[in-house]
Amino acid sequence: MHSAVFIPIIPRCQPFAPVKMADRPVPVIEKRLLDVKLGELGTWLGGRNFTPMGLISAVRRGHDRYYSKYIDVKRGGIGGVAMVLTAYVVLSYVWQYDHIKHDRWRKYH
């Protein structure tokens, strides 16, 4: 006796509909910096808020974005902290470069 083999019937699916772009174009002021074309850069910069409060809020948004992406994660690693420490070492070197350069000249001359 042969046993019957169950073969599931999979309904035939329609192909995905092509993705349509938004009906209305996004204004230049609402675009992110990486999405702005070079010719639109002046208009984009003109729409930014360069007041002290606007700059503070931009720094705060950047900090919140960095913190949520690299520090406040479920399975975190050393990546976010290592990035901050590397930036600190590089900035310290850049700020002290003139002093280091003069010490180097004094050693050999």
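Student: What is the relative accessible area of E40?

Tutor: E40 has a relative accessible area of 21%, so it counts as partly exposed (buried is under 20%, exposed over 50%, with partly exposed in between, using a 1.4 Å probe and protein chains only). Please keep in mind that this is a predicted model, where local features need pLDDT of at least 70 and side-chain atom pairs 80 or more, while totals for chains, interfaces and linings use all residues. Residues are numbered from 1 along each chain as its sequence is written, and side-chain values use heavy atoms, without hydrogens and water.

Student: Which residue forms a salt bridge with E40?

Tutor: The partner of E40 is K31, and their closest N and O atoms are 3.4 Å apart. The rule asks for a side-chain nitrogen of Lys or Arg within 4 Å of a carboxyl oxygen of Asp or Glu, and the count comes to 1 salt bridge.

Student: How many helices and strands are there in the protein chain?

Tutor: The protein chain has 4 helices and 0 strands (DSSP runs numbered from the N terminus: H or I of at least four residues, E of at least two). Its pattern along the sequence is α-α-α-α. Of its 109 residues, 5% count as buried.

Student: Which residues are closest to the centre of the largest pocket?

Tutor: A pocket is an open set of points on a 1 Å grid over the protein atoms alone, with protein on both sides within 12 Å along at least five of seven lines; lining residues have an atom within 4 Å of a point. Here 18 residues line the largest pocket, and L33, W44, R48, A58 and R61 are the closest to its centre. The largest share of the lining, 7 residues, comes from α2.

Note on methods: 1 Å grid on protein atoms, 1.4 Å probe; cavity = no way out; pocket = protein on both sides within 12 Å on 5 of 7 lines; lining within 4 Å.
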